[in-house]
Amino acid sequence: MQEMKPIKEGKVREIYDNGDSLIMVATDRISCFDEILNNQVTKKGTVLTQMSKFWFDMTKDIVPNHMISVDVKDMPEFFQRPEFDGNSMLCRKLNMLPIECIVRGYITGSGWASYQKTGLVCGIRLPEGLKESDRLPEPIYTPSTKAEQGEHDENISYEQSIAHLEKFFPGKGEEYAQKLRDYTLALYKKCAEYALSRGIIIADTKFEFGLDENGVIVLGDEMLTPDSSRFWPAEGYEPGHGQPSFDKQIARDWLKANPDSNWTLPQEIVDKTIAKYLEGYEMLTGEKLA
Ligand SMILES: Nc1ncnc2c1ncn2[C@@H]1O[C@H](COP(=O)(O)OP(=O)(O)O)[C@@H](O)[C@H]1O
Ligand SMILES: [Mg+2]
């Protein structure tokens, strides 16, 4: 059996090169306040991978996606062991487009801060009188540049996204920018509406797209997981203040109350967090995690 080493180890994901495909492994690591905690949240990786699979299946009529399989039998022998079972996705390798496609259906976080100062979010004027966490009249597309490692992503306007893409793909900037925006809004609308019917608000999220070998735009990366999105419980939703995170609130609250914890949660808090991930998966899909 051939040993394989990840070509990239992100905060919570590991990526393996497999020729013209990739294997994306979601680990059980969890980050809070931008720190990786010392605990493993058992099954979190599987929940996230299976959630992406669920959304990829649901939206393949809107835009093609990079998913090939989540069955380790379709992957090299190295992956045929328990630690990769369920949390690994075999994906088509894409030439990624250098834009983070962000869509916001609710006003929160940096968007709320900016709106309070200027009435704008990423250059888009919003109606007056919005409260924190309010639902927007229409979801807004607020792209950012995808920064090189170590640098910060920068919010850009839709017009700037055309120019940015044009730099990398001369003659294609406008076409790609339009498609990214239209796909992003269509994906968000369909999935956020569905999630709401199942009791989860998807306040905002980020998609990444790439080009396949024929130059076709394909949806990549992870899709609508709580790591790439803000998930709020619909129950108890109330504008006028911040909303609890569906998955991380228990851990965040405990960390805030225990500043000397050295980023290590007690098992009771880990167990409650595990239960939240499983609950979120079951609410969205209507099924227990296999
Ligand atoms: N199908 C794909 N082909 C090639 N690269 C991809 C594909 N899907 C996602 N990626 C890239 O893989 C990387 C995943 O890294 P990630 O763990 O999210 O860390 P980060 O976002 O900090 O770079 C990102 O650079 C993403 O753009
Ligand atoms: Mg990423």
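The legends below describe close-up views of a predicted model.

View 1. The protein is divided into domain 1, made of residues 8–93 + 247–285, and domain 2, made of residues 95–233. Their C-alpha centres lie 21 Å apart. Across the boundary, 19 residues of domain 1 are in contact with 22 residues of domain 2. On the side of domain 1 that touches domain 2, α1 (44–59), β7 (88–92) and α6 (267–285) each supply at least two residues. The largest share of this side, seven residues, comes from α1. By class, the residues on this side of domain 1 are twelve nonpolar, five polar and two charged.

**View 2. The largest nonpolar core.** This core has 66 residues, and Cys191 and Ile202 are those with the most contacts inside it. Helix α4 (residues 173–197) provides the largest share of the core, namely eight residues. Domain 1 (8–93 + 247–285) and domain 2 (95–233) both give residues to the core, and therefore it lies between them. In soluble globular proteins, nonpolar side chains tend to be buried together.

**View 3. The surroundings of Ile202.** Which residues is Ile202 in contact with, leaving aside its neighbours within four places in sequence? The contacts of Ile202 are Gly105, Cys191, Ala192, Ala195, Leu224, Ser229 and Phe231. One of these, Cys191, is named together with Ile202 as having the most contacts inside the largest nonpolar core.

**View 4. The shell around ligand 1.** There are 15 residues around ligand 1, and among them Gly10, Arg13, His66, Leu94 and Gly220 come nearest. Sorted by class, the shell comprises five nonpolar, four polar and six charged residues. Why does ligand 1 lie between the domains? Both domain 1 (8–93 + 247–285) and domain 2 (95–233) give residues to the shell around ligand 1, so it lies between them.

**View 5. Strand β9 and its partners.** Strand β9 (residues 99–106) has eight of its eight residues buried, so it is largely enclosed by the rest of the structure. Strands of a sheet pair through backbone hydrogen bonds, either parallel or antiparallel. With strand β14 (residues 200–207), β9 pairs in the antiparallel sense over four bridges; here the bridge partner of Ile102 is Lys206 in β14. Strand β12 (residues 135–141) is joined to β9 by three bridges, and the two strands run antiparallel. In that pairing, Tyr106 has Arg135 of β12 as its bridge partner. Strand β13 (residues 144–145) is joined to β9 by two bridges, again with antiparallel strands. Its residue Ser144 is the bridge partner of Glu100.

**View 6. An open sheet of three strands.** The strands of this sheet follow the order β8-β15-β16, with antiparallel pairing. At the edges stand β8 (95–96) and β16 (217–219); each has a single partner strand, so one side of each is left without a neighbour in the sheet. Two bridges link β8 to strand β15 (residues 209–211). Within this pair of strands, Met96 has Gly210 of β15 as its bridge partner.

Conventions. Residues numbered from 1 in each chain as written. Chains lettered and ligands numbered in written order. Predicted model: local features only at pLDDT ≥ 70, side-chain atom pairs only at ≥ 80, totals over all residues. Core = buried A, V, L, I, M, F, W, Y, C linked by C-beta atoms within 7 Å. Buried ≥ 20, exposed ≤ 12 C-beta atoms within 10 Å, placed from the backbone. Domains from an automatic or database assignment. Contact = placed C-beta atoms within 7 Å. Nonpolar A, V, L, I, M, F, W, Y, C, P; charged D, E, K, R; others polar. Near = placed C-beta within 6 Å. Pairing = 2+ DSSP bridges.
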